[in-house]
Amino acid sequence: MKTVILGTAHGSNVAGKRSPDGRLREYEYSREVCRRVRDALLARGVRCVIDIEGDREPSLRERVRLVNRLCHVHGDCLYVSIHNNAAGSDGHWHDARGFAVMVAPNASLCSRRLATIFHRRAVAMGLQGNRCYPSKGYYEQSLAVCRDTACPAVLTENMFQDNRDDVDFLLSPVGMQTVVDLHIDSITEYLNEEL
Ligand SMILES: [Zn+2]
């Protein structure tokens, strides 16, 4: 049986990574989504762990090592790193909106299949915002947590923390539940196809 490893974003020790008005903190939001997705997957009998307990962020190398250790312990795994996007780092609001999913340029077919599922479901759930997606639907970016991890891996950018409308949506009960459901449904679809 596969183990799903959910990846938290950043830490309370990392500057920035919040909405300009301070209402949304990425590390906190990511951890809340991780907990809800984990609890739902466990309730469905899916093995699931969160990569880092606690609020700090380790170095990228340390995180990759930690995820790969979990892969080694659990055997067959997949890794889903859960973030909020940002259009700038200037502390101002920006126009860009919407969901995106990333894989590394060296991504396996499994990573790409998982990313395709996330993309298709996000669009179906109305989360495209004003984004123009690449033809494959997902983005390729050389992110250490996707590139250097031993198992299939994707990173989700759940709307923009520096867009007012996205932040309002993310912080609403419906928005939080939509983001959580997107992860539960996409991961479940991926696991079911595997059987
Ligand atoms: Zn992030």
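Helices (H or I, at least four residues) and strands (E, at least two) are DSSP runs, numbered from the N terminus. The model is predicted: local features need pLDDT of at least 70, side-chain atom pairs count only at pLDDT 80 or more, and totals for chains, interfaces and linings use all residues. Residues are numbered from 1 along each chain as its sequence is written, and side-chain values use heavy atoms, with hydrogens and water left out.

**Figure 1. Helix H3 and the residue that follows.** Just after H3, Gly 126 adopts a positive phi of about 80°. The end C-alpha atoms of H3 lie 22 Å apart, which agrees with the 22 Å that its 16 residues should span at 1.5 Å a residue (the expected span is 1.5 Å times one less than the number of residues). Ser 111, Arg 112, Leu 114, Ala 115, Ile 117, Phe 118, His 119 and Ala 122 are the buried residues of H3; buried means under 20% relative accessible area (1.4 Å probe, protein chains only).

**Figure 2. The zinc site.** His 10 (NE2), Glu 26 (OE) and His 83 (ND1) coordinate the zinc ion at 2.2 Å. Donors are N, O and S atoms within 2.8 Å of the metal (3.2 Å for Na, K and Ca); water is not among the atoms, so sites may look incomplete. The spacing of the donor residues in sequence is H-x15-E-x56-H. His 10, in the loop between strand S1 (3-7) and helix H1 (26-43), and Glu 26, in helix H1, are 16 residues apart and link distant parts of the chain. Both His 10 and Glu 26 are buried.

**Figure 3. Aromatic pairs.** Rings of Phe, Tyr and Trp (its six-membered ring) pair if their centres lie within 6.5 Å; planes under 30 degrees apart count as stacked, over 60 as edge-to-face and the rest as tilted. The count by this rule is two aromatic pairs. Phe 99 and Phe 118 are stacked, at 6.5 Å centre to centre and 20° between the planes. Phe 99 counts as buried because its relative accessibility is 1%; Phe 118 is buried, at 0%. The rings of Tyr 133 and Tyr 139 have centres 6.4 Å apart and planes at 70°, so this pair is edge-to-face.

**Figure 4. The largest nonpolar core.** Such a core is a set of buried Ala, Val, Leu, Ile, Met, Phe, Trp, Tyr and Cys residues joined through side-chain atoms within 4.5 Å. Among its 53 residues, Val 4, Leu 6, Val 80, Phe 99, Phe 118 and Ile 187 touch the most other members. Helix H6 (residues 173-194) supplies the largest share, eight residues.

Technical notes: Buried means under 20% relative accessible area, exposed over 50%, partly exposed in between (1.4 Å probe, protein chains only).
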